[in-house]
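Entries are in the order I looked things up.

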Amino acid sequence: MKQWIDGAPALTLEGVIYSPGAAPLFKGLDLTVPMGRCTVFMGPSGAGKSTVLRLGAGLIPPDSGTVLYRGLDWSELSDHENAVFREGMGFAFQNGALWANKSVYQNIELPYLYHRPKAERQEVRDAVARAAHQAGIQGQLALRPSQLSLGEQKSVSLARALVMDPPVLFLDDPTGSLDAQATEKQLQLFTELKRAGRTIILVTQDPLVTSRIADRLVLMKAGEVVTEGEFAEVTRNPNPEVVAILTSVLSQAATFSGDILDLLSIDQGDGDALK
Amino acid sequence: MIARWGSAAIKGFRDLFYGCGFFWLIIRESFKLNTHRGVGWKVVVMQILFTGVNAMAIILLIALSLGAVIIFEGAQVFSLGQNSLLYTILVTIITRELGPLLTAFIVMARSGVAIATELSNMVISQEIEAYMAVGINPISYLVVPRFLGVTVSVVALTVFFSAAGLAGAWLVVQFVQPLPASEYFTNLLLHLTLTDLAASVVKGLVFGMIIAVVSTYHGFEANQSSTEVPVLVIKAVGRGFGLLIVANILITLAYLI
C-alpha cells in the first residue's frame, strides 16, 4: 500500500494535455499547489479552472502528462488505494452533483458509511449532523435534492465533502448562487478550516471570497496559467494581461473587494488598464 | 465510401474491445459485492423486483398468446393427443427458441432502456463523478447490482415464459378439443429433454448478461448534454437486439452440433 509523500505539494501538474472536445483545452499545463494553504483559481468562464480541479482530484484522466496528488500519480494507484486515499479529500461540485435518488441526509451519510463500514449508527448521525451544521443545511436533511435551490444543493455538496473531515478540500465555486448571509457563513467556515491547517483548493469568480480567504492566487485564461503566486503579489501585478483578467472577473461579480480593487486603483492612476 | 466503411468497422471493433474490457470489470467487481452494509444487495433485490417481478404480467400475456397460436394452428394440421410432432414444436418454439428471445426483447425494451437512461442522466449531472470523488467505484456500486439483478431476472423470466406458454397452450386447447391434463403434460414431458431446458437457461443467462452490459455500457457513454440521452438509449436498444439475435443463433448452433 502506497503512502502520501511527506512534504509533497497537494497538486502537481506536469505537461498536462487535455482535450474535452475536438480542440485541446490544456496544451502542456504545469502547476503546483502547496499543502496547508488556500489556493484560489480565478479567470473568465471557459478558462479551465473547474477542469484543473477535476484533473487534480483524479476524476478525469489527462490525455498525457502527469497529475500528482500529494506526490502520488492517480493513474498508478490500485482501486483499493484509490478508495482509501479519497477518504482524505473532499470535493464540492459546482452544480452540487447530488445523488438524486437519495435524501440530503443519505447524500452526506454515504461517504461515511463507505469509509467507516463498522461505524455505529450514532457515530454516523453525529458526523452527518456536524457536516450539515458546518454547511448550514441542518434543517434540510429530510429533503430530496430536487426540492432544494441550486445554492442549497451546493451547500449539501459542501457538507458531503466535509463529512470525513478531510485534510484537503476541492471546492468548485462553493458560494455561487448563495445569498449574502449564507456566503458569509461559508467564508467563516473556510477561515476556520484554514486556521485548522486544511488545504483548500477553490475555484470562484467572487472577489469577496478571494480577498477573504486566498493565500495564493492562480489566474487562468483559455487553458493557460497567466500568473500564480501569493495573493498580494498577484493582485498587485501590473502586467496588463493580469489586470485584464481581474477586470473581466470583477465585471462579472456583484460585489467588489477592496483588496483586489487595490490593483485597479493603481492602474486607474496610470489611466490605461481599465480602458 | 470504402473509407466510411473502414472507419465504421474500426469504431465497431474498438467498441467491441472496450465492451469486452467493461464486461471483465463487471465480472471482477461482482465478486466484491456486499462489502458495504449490504447496499449492493439491496439494489440487486430492487432490480429483480423491477426487471423480473414487474415484467411477469406482460411475459405471461405474450407466453399465453404464443402457446395459444401454436396450439390453434397445430390443431388445424395435426390431431391433438398422441401427435408427437406438435409437442416437439411446442417445446422447440416456446422453451428453446422464441421464448428466451422474446423474454430478452421485452427486458431489453423495459429495463435496458430504463438503465441506460438512468445512468446517462447520472453521468450528465456529474453524479458518477461524485461517487468517484468519495472513493466509490461506479462499476461496483451501480453496474454490478444491475448486472446481477437483470441476469437473474432474465433467467427466471425465461423459465416462467416456458412454463406459462406450455401451460397456456393446454388451457387454450380445452376450447378446441378437451384433453386430459395428465395426457397433455405426460406427452409434453416425454418430448422435453434436459438439453432443451439447459439451452433455455443458458440463453436466459447469456441474454441477461448482454442486456445488462449493453445498457450500462451505453449509459456511461453520455458526456455533457441531455440531448445525448435518447440517442444513446436508441443505440443501446439497437445494439442490444442485434447482439441478442447473434447470441441466439450461436447458442442454437452449439445446441444442434
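Predicted model: local features only at pLDDT ≥ 70, side-chain atom pairs only at ≥ 80, totals over all residues.

I started with strand β9 (residues 216-221) of chain A and found six bridges joining it to β10(A), with the two running antiparallel. I checked a couple of positions by hand. A:R216 has A:E230 in β10(A) as its bridge partner, and A:L217 sits opposite A:G229 in β10(A). The two strands make a hairpin, β9(A) then β10(A), with two residues between them. In that turn I noted A:A222, whose phi is positive, about 50°.

**Entry: the six-stranded sheet**

Which sheet does this pair belong to, and in what order do the strands come? I read off an open sheet of six strands in chain A, ordered β6-β7-β8-β3-β9-β10, with mixed pairing. At the edges I have β6 (89-92) and β10 (224-230) of chain A, each of which pairs on one side only. Ignoring direction, neighbouring strands here are turned by 10° against each other on average.

Next I looked for helices on this sheet. Helix α1 (residues 49-56) of chain A lies across β3 (38-42), β6, β7 (168-172), β8 (199-203) and β9 of chain A. I got about 150° for the angle between α1(A) and β7(A). Helix α5 (residues 150-162) of chain A packs on the sheet as well, touching β6 and β7 of chain A. The direction of α5(A) makes about 175° with that of β6(A).

**Entry: the four-stranded sheet**

I then went to the other sheet I had marked in chain A. Four strands form an open sheet in the order β2-β1-β4-β5, and the pairing is antiparallel. β2 (26-33) and β5 of chain A are at the edges with a single partner strand each, so one side of each has no neighbour in the sheet.

For the pairs inside it, I counted five bridges between strand β1 (residues 11-18) and strand β4 (residues 64-69) of chain A, running antiparallel. A:T12 stands opposite A:L68 in β4(A). From β4(A) I followed two bridges to strand β5 (residues 72-73) of chain A, again antiparallel. A:L68 turns up here too, opposite A:D73 in β5(A). β4(A) and β5(A) form a hairpin with two residues between them, and A:R70 in the turn has a positive phi of about 50°.

**Entry: chain B**

How many helices and strands does chain B have? I counted nine helices and zero strands. The C-alpha trace of chain B spans about 65 × 55 × 35 Å along its principal axes.

**Entry: where B meets A**

I listed contacts across the interface: 18 residues of chain B touch 29 residues of chain A. Together the chains bury about 2000 Å², with 52% of it on carbon and sulfur atoms. I found nine residue pairs in polar contact across this interface, both residues of each at pLDDT 80 or more. On the chain B side, α1 (2-30) and α5 (127-133) each supply at least two of the residues that touch chain A. The largest share, six residues, comes from α5(B). By type, the chain B residues on that side divide into seven nonpolar, six polar and five charged.

**Entry: salt bridges**

I have 20 salt bridges over all chains, and two of them cross the interface of chain B and chain A. In one, A:R54 pairs with B:E129, the closest N and O atoms being 2.4 Å apart. In another, the side chains of B:R28 and A:D79 meet at 2.8 Å, N to O. B:R28 is in helix α1 of chain B and A:D79 in helix α2 (residues 79-85) of chain A, so this pair joins two chains.

Note on methods: Residues numbered from 1 in each chain as written. Chains lettered and ligands numbered in written order. Heavy atoms only, no water. Contact = heavy atoms within 4.5 Å. Buried area = accessible area lost by both parts, 1.4 Å probe. Salt bridge = Lys/Arg side-chain N within 4 Å of Asp/Glu carboxyl O. Polar contact = N/O pair within 3.5 Å; in protein donor to acceptor, adjacent residues only side chain to side chain. Nonpolar A, V, L, I, M, F, W, Y, C, P; charged D, E, K, R; others polar. Pairing = 2+ DSSP bridges. Axes fitted to C-alpha atoms, helices over the stretch in contact; angles between N-to-C directions.
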